[in-house]
Amino acid sequence: MAEAAVPSASYDVVIIGGGPGGYNAAIRAGQLGLTAACIEMRETLGGTCLNVGCMPSKALLHASELYEIAGKGFAGLGIEVTPKLNLAQMMGQKTESVTALTKGIEFLFKKNKVDWVRGRGRIAGPGKVEVTAADGTVSTLSAKDIVIATGSEPTPLPGVAFEDGRVVDSTGALSLPAVPNHLIVVGAGIIGLELGSVWRRLGAQVTVVEYLDRITPGMDSDVAKAFQRTLTKQGMAFKLGSKVTGANPSKDGVELTVEPAAGGAPETLKGDVVLVAIGRRPYTDGLGLETVGITPDKRGFIDHDHFKVAEGVWVIGDVTHGPMLAHKAEEDSVAVIELIAGKAGHVDYNLVPSVVYTAPEVAWVGKTEDQLKEAGVAYKVGKFPFTANSRAKINHETDGFAKVLADAATDRILGVHIMGPQAGEMIGEACVAMAFGGSSEDIARICHPHPTRSEAVKQAAMGVEGWTMQA
């Protein structure tokens, strides 16, 4: 690890934020021969994703899934075991994995001659960034270009104050000291359903309260309905079309006041822990944006023109519009540094995939049926269930289906949606096909290995023209 060694230093690029957008931007800058510094206020690099988001949640999702399979699935396979939960060890292996990843970024910084400057960054005018260290000392860095990569933070719920161990955000839900008897999740988006799944598998009763009349906004509604049915079958309860208006924590738990979104009498839900997971908001407060003439919109997002927001100032990741996803920020980071270096940087936001890492997983890329109908686009649908997929059958993983949407006239793929085992791994094939303007017939005529789950995608593509062949 290399840190800025002097109170004032000059760089080609200074990046504010050490998350997936920021650290990848810094590494790419180093690869292209630019002098770069990355300012990060955490004690470790990696931002929300590596420290308290994507990575630790996937560690717990993986471990809790294995725990549930051992308790409920092994017997049917002829394996007799009685699993015992060691929550401290489960949390410990999560922490070890996260530490290894953050140390890996430090190594890449050193390898690519990137300076990690510890502290809180603030733009102090054109080409100037002030860094306030933990001890209060302030240093100033100068840069030809400044990249804002400060990411996002959990959105609070009005009327519901966070309280350690009782009313928590996603960070708190990743480190509960014990399995709650009843976990209430406010928000039926990806984060809430993933973390709700973790604690349900470990033994908690889980109730999800959602303001909308559906789960997972942005997901194809056909898939979302099937997804909710599966989660309900697994034991998760849903209260849709409901709004939370208050929370009363006590030593015994939390009483949550819930009202119908359309109006009506309130009711009280009581749980041990409440997880507020209603979304995330950009982290833009205190960045000194006004010193370079930048005004975020009313939600805190910073608009840009090909990532540029002012002369010598750029923005990437969650702090600007687009999917609030780590891999979107990574793509932004490479594009912005290549533009700064005089190359051609570009990101196609129509091809940014989304994944829900539950069991089964849900993954999609491109347009949903809802969007195509709203836009009046004529399309064809091919759909194939995992109940008819050989690998899924023999592995007892038959929930879900693959679905391909193609233009009715040209057959160009418009969207692919998968709910099933390893959906997050399979969606990459669709991303590649769509990036090259591929048709459903292109996927349908590519030989897929047998038996694999990926054959469901091929069969769904075949179904666009009606020549699906069952298992």
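## Strands that pair

Two strands count as a pair if DSSP finds at least two bridges between them. Helices (H or I, at least four residues) and strands (E, at least two) are themselves DSSP runs, numbered from the N terminus. The model you are looking at is predicted, so local features need pLDDT of at least 70 and side-chain atom pairs count only at pLDDT 80 or more, while totals for chains, interfaces and linings use all residues. Residues are numbered from 1 along each chain as its sequence is written, and side-chain values use heavy atoms, with hydrogens and water left out.

Let's start with strand E23, which covers residues 413–420. E22 and E23 pair in the antiparallel sense over six bridges, and in this pairing Ala406 stands opposite Ile413. These two strands form a hairpin with five residues between them, and Asp411 in the turn has a positive phi of about 70°. E23 also pairs with E20, again in the antiparallel sense and over six bridges; here Val365 is opposite Val416. How many of the eight residues of E23 are buried? The count is eight of eight, where buried means under 20% relative accessible area, exposed means over 50%, and partly exposed lies in between (1.4 Å probe, protein chains only).

E2 pairs with strand E3 (residues 114–118) in the parallel sense over five bridges, and Cys38 stands opposite Trp116 in E3.

Elsewhere, three strands make an open sheet in the order E12-E13-E14, with antiparallel pairing. Its edge strands are E12 (242–250) and E14 (267–271), each of which pairs on one side only. Neighbouring strands of this sheet are turned by 25° against each other on average, direction ignored; the axes are lines fitted to C-alpha atoms, for helices over the stretch in contact, and angles run from 0 to 180 degrees between N-to-C directions. E13 (residues 253–260) pairs with E14 over five bridges, and Thr257 faces Thr268 of E14.

## Helix H6

Helix H6 runs over residues 190–201.

H6 is mostly covered, with ten of its twelve residues buried. Among them are Leu193, Glu194, Trp199 and Arg200. After the helix comes Gly203, whose phi is positive, near 125°.

## The second largest pocket

Rolling a probe the size of a water molecule over the atoms shows where empty space is left. On a 1 Å grid over the protein atoms alone, a pocket is an open set of points with protein on both sides within 12 Å along at least five of seven lines, and lining residues have an atom within 4 Å of a point. The second largest pocket has a volume of about 1100 Å³. Of the 34 residues that line this pocket, Glu65, Ile69, Ala359, His396 and Glu397 are the closest to its centre.

Helices H3 (54–72), H6, H7 (221–234) and H11 (423–435) each supply at least two lining residues. H3 gives the most, with eight.

Where is Pro360? This proline lies in the loop between strands E19 (354–356) and E20 (361–366), and the peptide bond from Ala359 to Pro360 is cis, with omega near 5°. The bond from His450 to Pro451 is also cis, with omega near 0°, and Pro451 sits in the loop between helices H12 (440–444) and H13 (455–464).

His396 has a positive phi of about 60° although it is not a glycine. Its place is in the loop between helix H10 (390–394) and strand E22 (401–407), and His396 is exposed, with a relative accessible area of 61%.

Note on methods:
The expected span of a helix is 1.5 Å times one less than its number of residues. On a 1 Å grid over the protein atoms alone, a cavity is a set of points where a 1.4 Å probe fits but cannot get out, and a pocket is an open set with protein on both sides within 12 Å along at least five of seven lines; lining residues have an atom within 4 Å of a point. Grid points are joined across faces, edges and corners, and a volume is the space filled by probe spheres set on the points.
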